[in-house]
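These are my notes from going through one model, entry by entry.

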Amino acid sequence: MSINYDAYEVVVGLEVHAQLLTNSKLFCGDSAAFGGDPNTHISPITLAHPGTLPKLNKKAISYAVKIGLACNCTITRHNYFARKNYFYPDLPKGYQLSQHTTPVCQGGFVTIRTQEGTRDIRLNRIHMEEDAGKSLHDVDASNTCVDYNRAGVPLVEIVTEPDIASGDEAYAYLTELRKLLRYLEICDGNMEEGSMRCDANISVRKKGDPQLGTKVEVKNLNSIRNVKRAIEFEAKRLVDIIESGEKVIQQTRSFDAGNGTTFALRTKEDANDYRYFADPDLTPFVVTDQLLQEVRAAIPALPEERVARYTQQLQLPEYDARVITDEKELAEYFEKIIEHSTNYKAAANWMLGPVKSWLNENSASITAFPIQPGAIASLIALIDSNQVNFSVASTKLFTALLKEPGKQPLQIAKELNLLQDSDEGNVAAWIEEVLNKMPDKVAEYKKGKKGLIGLFVGEVKKVSKGKADPKLTNDILLKKLQ
C-alpha cells in the first residue's frame with residue numbers, strides 16, 4: 001500500500017532545559033561546575049539532610065529574567081517555588097523544587113529563518129527548577145551508583161507552544177535559542193555535556209484538521225541534529241500507524257542515534273499528578289523594578305539587532321552579517337576591527353575569509369586567534385593605500401603575523417620587501433622590459449587579441465617580483481599598447 005505522507009502535517013512542541021552558568025547551585029553554595037569527581041560538589045543541603053534549609057540564588061533569577069526579556073516574554077513579578085513530588089534515586093529530597101503556577105517568564109517568541117522564510121515560534125513559558133543528579137549503571141556490576149554533583153544545579157525550562165511544523169524548523173529554533181543563551185552568557189549550550197537538553201513532543205494530523213493528534217514524547221535528545229532526525233523518524237512512524245488502521249498510543253520514547261530510530265520507554269495514558277504545593281522552606285520572591293532595569297541594561301546587542309545595523313548602517317550583505325553575528329565573540333572581534341577602519345566590507349571579507357579559515361583549520365574559537373583586530377585593520381589600510389595587494393596581504397603578511405602577532409603589518413611588509421611600488425617611472429620601466437621581450441604577443445594584441453593583457457600583467461608581476469602596483473600596471477599597459 002502506498003502512503004501519501006504529504007497528506008499529513010507534523011506538530012511539534014519542544015521543551016529545552018538549559019543549565020545556568022552560575023558559580024553555585026540554585027539553593028545552596030555548592031559548586032555548579034560541570035565535571036569533578038563523583039559526589040565532590042555536595043553538602044548536607046544538596047543531600048537533603050534533615051534540618052537543612054534552602055536559600056535562593058539571586059543570580060539564577062536574573063539569568064532567567066534575562067532570557068525571558070530576550071525572548072519577548074512577560075515577566076512574572078510575584079513568584080514562588082513548588083515541590084514537584086515524584087521519586088527518582090538521583091533526587092535526594094524525593095521531590096524537585098520547580099515553578100508550577102508562577103513561571104518567571106510567560107508567553108514570548110523566538111524568530112526563526114528557514115528556506116520557507118521567517119516566522120515566530122511562540123513560547124508557552126520559561127520557568128526555573130533544580131537539576132537532578134546522575135545515575136551511573138556501568139560503574140558497579142551489581143548496583144546502580146548515583147553522582148549528586150549535578151543535583152541542585154539551576155535550570156531554566158523553555159517550553160514552546162506546538163508551533164513547530166518540521167525537523168528543519170526545530171533545527172532552526174534550537175540553533176537560534178542556543179545562540180541567544182550564548183550571547184547572554186547564561187548557558188554554554190553544550191548539548192554533549194548535557195548543559196542544554198531537549199525533549200520533543202510530536203504528533204501528526206491530516207492537513208486542515210484543527211484537532212491535535214495523540215503525541216509521543218522523545219526524551220533527552222543530545223544534539224540539534226538528533227532532534228531533527230528524531231522528529232522526521234517519528235512523523236513517518238506515526239503516519240504509518242494511522243494508515244495501517246491502528247491507534248497511536250501516548251508514549252515516552254528515546255532516540256537511538258546509531259540507527260536513527262526511536263524506541264518506547266514507557267506508556268503514558270494520563271498526565272502525571274505531581275501533587276505540586278508551595279515549598280514551605282522558601283519565601284516567595286519578587287522581581288523588582290530595580291532588578292528588571294539592571295537585567296535589561298546588562299543585555300548586549302543581540303544577533304538580530306546587529307544584523308539590522310550591519311546591513312542598514314554598514315551596508316553589508318545579509319549573508320556576511322549573519323555569519324559574523326553567528327557567535328557573539330566573532331561579532332565583537334569584527335566591531336573592534338571597524339573601530340580602526342571604515343572599510344566595512346573589507347573587514348567582513350577578512351572575517352569570512354582568512355580569519356574564519358584559520359579558525360576552522362585549528363578547530364578554535366576567535367578568543368584563541370593570535371592576531372589583534374587592530375592589526376587586521378592595518379592590513380586593510382595597507383591594501384586601500386595600494387601599498388600591498390590583497391593576495392600578498394592574505395597569504396604572506398597574514399602568515400607572518402600569525403607567527404609574530406606582536407609586530408605591525410607595515411613593519412613586516414618592509415622586512416619582507418612586500419610593499420608595492422607605485423612609482424610611475426619604475427612601473428613603466430618594468431612594462432617596457434616585458435613588452436620588448438614579447439614583440440610577437442604585442443603584435444597579436446594590437447590585431448585584436450585583447451585577452452593577452454592578462455599575460456602582460458602577469459609578466460610585469462614576475463619582473464617586479466610582485467611589487468608593481470596592479471592598478472597602475474594596468475593603466476600604463478593599456479596606454480602603451482594603444
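**Aromatic pairs.** I looked for ring pairs in this predicted model and counted ten aromatic pairs. The pair I opened up was Tyr310 with Phe334, which is edge-to-face, with 5.1 Å from centre to centre and 65° between the planes. I then checked where the two rings sit in the chain. Tyr310 is in helix α5 (residues 303–312) and Phe334 is in helix α7 (residues 328–337), so the pair links distant parts of the chain, 24 residues apart. Are these two residues buried or exposed? Tyr310 counts as buried because its relative accessibility is 0%, with the cut-off at under 20%. Phe334 is buried for a relative accessible area of 0%.

I went on to Tyr333 and Phe369, another edge-to-face pair, at 5.8 Å centre to centre and with 75° between the planes. Tyr333 belongs to helix α7, while Phe369 is in the loop between α8 (344–361) and α9 (373–384); the pair links distant parts of the chain, 36 residues apart. I noted both Tyr333 and Phe369 as buried.

Which residues do ring pairs link into a cluster with Tyr333? I listed Trp350, Trp358, Phe369, Phe390 and Phe398 alongside Tyr333.

**A charge over a ring.** I looked up Lys84 and found it over the face of Tyr274, 4.5 Å from the ring centre.

**Glu157.** I placed Glu157 in strand β11 (residues 154–160). Glu157 counts as buried because its relative accessibility of 8% is under 20%. What does the side chain of Glu157 join in a polar contact? I found the side chain of His17, at 3.2 Å. His17 is also in the list of residues that Glu157 touches, leaving aside those up to four places away in sequence; the others are Glu15, Val16, Arg125, Ile126, His127 and Glu129. I also checked Glu157 against Tyr5: they are 152 residues apart along the chain, and their C-alpha atoms are separated by 32 Å.

**Arg205.** I found Arg205 in strand β12 (residues 196–206). A polar atom of the Arg205 side chain lies 3.3 Å from the backbone oxygen of Asp209. Beyond four places in sequence, I listed the residues that Arg205 touches as Ala7, Tyr8, Glu9, Val11, Pro210, Gln211 and Leu212.

**Arg253.** I put Arg253 in strand β14 (residues 251–256). With a relative accessibility of 7%, Arg253 counts as buried. The side chain of Arg253 makes a polar contact of 3.0 Å with the side chain of Thr262. I then took the distance to Glu217, which is 36 residues from Arg253 in sequence and 5.9 Å away in space, C-alpha to C-alpha. Not counting residues up to four places away, Arg253 touches several residues, among them Val216, Glu217, Val218, Lys219, Glu234 and Arg237. Thr262, Phe263, Ala264 and Leu265 are also in that contact list for Arg253.

**Cysteines.** How many disulfides does a search of the whole structure find? My search came back with zero disulfides. I followed up on Cys28: it is in no disulfide, and the nearest cysteine sulfur, that of Cys187, is 19 Å away. A pair of cysteine sulfur atoms would have to be within 2.5 Å to count. Cys28 has a relative accessible area of 13% and is therefore buried. For Cys145 I noted a relative accessibility of 25%, so Cys145 counts as partly exposed.

**Positive phi.** I checked for positive phi in residues other than glycine and wrote down Gln315, with phi of about 60°. Gln315 is in the loop between α5 and α6 (318–324). Its relative accessible area is 62%, so Gln315 is exposed. Asn386 also went on the list, with a positive phi near 60° and again in a residue other than glycine. Asn386 sits in the loop between α9 and α10 (390–403). At 32% relative accessibility, Asn386 counts as partly exposed.

**Domains.** Last, I looked up the domain assignment of the chain, which gives domain 1 (5–291), domain 2 (316–416) and domain 3 (424–481). I took the centres of domain 1 and domain 3 over C-alpha atoms and found them separated by 67 Å.

Terms used. Residues numbered from 1 in each chain as written. Predicted model: local features only at pLDDT ≥ 70, side-chain atom pairs only at ≥ 80, totals over all residues. Heavy atoms only, no water. Domains from an automatic or database assignment. Phe/Tyr/Trp six-rings, centres within 6.5 Å; stacked < 30°, edge-to-face > 60°. Helix = DSSP H or I, 4+ residues; strand = E, 2+ residues; numbered from the N terminus. Buried < 20%, exposed > 50% of the residue type's maximum accessible area, 1.4 Å probe, protein only. Lys NZ or Arg CZ within 6 Å of the ring centre and 35° of its normal. Contact = heavy atoms within 4.5 Å. Polar contact = N/O pair within 3.5 Å; in protein donor to acceptor, adjacent residues only side chain to side chain.
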